[in-house]
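Here is a short briefing on one protein chain. Keep the structure open while you read.

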Amino acid sequence: MLQIRVADLDDPALARFLSDHLADIAPTAPACSQHALDLDGLRAPGVRLWSAHDGPHLVGTVALAPVEPGHEELKSMRADPLRRGQGIGRALLEHALADATARGVTRVSLETGSMEFFAPARALYASAGFVDCAPFGDYAPDSNSAFMTRSLP
């Protein structure tokens, strides 16, 4: 049974999981086009990070980071590659959106890769109501990036 909870930033398994995430995306684009947060970035004020667990196994992460009042960015969305297609990503996304809605956030945006490697992620976001948008926050236009946003009630 999948459990989603506030992540323990001192958990070595979380550090490994996030390091693997950065390693997975490293070959997909130049470093200047990679915007994933490392563990220190996820410790920044205002960032909310959750981890998904199946029993003792860490199987996914998702975070929200502030952009401006009422607008947050989805970050560090990852499901264990061996567990993809099992609904972990959707459960994490729904959890993050429910948290944002409960706190009165009115918009959640994200940046992900524009390459084929990220097509399943973009499809998941689109199925959850995200639409393409212009760069937001501190992002600049980048052919390696796809930007999406969704309004919340």
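How many aromatic pairs does the structure hold? There are 5 aromatic pairs. Note that this is a predicted model. The points below start with the rings, then move to the cores and the overall fold.

**Aromatic rings**
- A pair of aromatic rings is described by the distance of the centres and the angle of the planes.
- Phe 117 and Phe 118 make an edge-to-face pair, with centres 4.9 Å apart and planes at 80°.
- Phe 117 has 45% relative accessibility, so this residue counts as partly exposed.
- Phe 118 has a relative accessible area of 14%, under the 20% cut-off, and is therefore buried.

**Around Phe 17**
- Phe 17 belongs to helix H1, which spans residues 12-25.
- Phe 17 counts as buried because its relative accessibility is 6%.
- Arg 78 lies over the face of the Phe 17 ring, 4.5 Å from the ring centre.
- Beyond residues up to four places away in sequence, Phe 17 touches Leu 58, Val 59, Gly 60, Thr 61, Arg 78, Ala 79 and Asp 80.
- Arg 90 is 73 residues from Phe 17 in sequence, and the two sit 18 Å apart, C-alpha to C-alpha.

**Nonpolar cores**
- The largest nonpolar core counts 23 residues. Leu 74, Leu 93, Val 108, Tyr 125 and Phe 130 have the most contacts inside it.
- Two or more core residues come from each of these elements: strands S2 (48-54), S3 (57-68), S4 (71-79) and S5 (107-113), and helices H3 (88-102) and H4 (119-127).
- Helix H3 gives the most to this core, with 6 residues.
- Leu 93 touches Leu 74, Met 77, Leu 124, Tyr 125, Ala 128 and Phe 130, leaving aside residues up to four places away in sequence.
- Another core, of 11 residues, lies apart from the largest one. Phe 17, Leu 18, Leu 58 and Ala 63 are among its members.

**Overall fold**
- The protein has 4 helices and 7 strands. From the N terminus on, the order is β-α-α-β-β-β-α-β-α-β-β.
- The radius of gyration is 14 Å, close to the 15 Å that the globule rule gives for 153 residues, so the protein is as compact as a globular protein of that length.
- Along the principal axes, the C-alpha atoms fill a box of roughly 40 × 35 × 30 Å.
- Of the 153 residues, 43% count as buried.
- Among contacts between residues at least 6 apart in sequence, 63% join residues at least 24 apart.
- The protein exposes about 7800 Å², and carbon and sulfur atoms supply 55% of that area.

Notes. Residues are numbered from 1 along each chain as its sequence is written. This is a predicted model: local features need pLDDT of at least 70, side-chain atom pairs count only at pLDDT 80 or more; totals for chains, interfaces and linings use all residues. Side-chain values use heavy atoms; hydrogens and water are left out. A nonpolar core is a set of buried Ala, Val, Leu, Ile, Met, Phe, Trp, Tyr and Cys residues joined through side-chain atoms within 4.5 Å. Buried means under 20% relative accessible area, exposed over 50%, partly exposed in between (1.4 Å probe, protein chains only). Contact means heavy atoms within 4.5 Å. Rings of Phe, Tyr and Trp (its six-membered ring) pair if their centres lie within 6.5 Å; planes under 30 degrees apart count as stacked, over 60 as edge-to-face and the rest as tilted. A charge sits over a ring if NZ of Lys or CZ of Arg is within 6 Å of the ring centre and within 35 degrees of the ring normal. The radius of gyration is taken over C-alpha atoms; the globule rule is 2.2 Å times the number of residues to the power 0.38. Accessible areas come from the Shrake-Rupley method with a 1.4 Å probe; for residues, only the protein chains shown count as cover.
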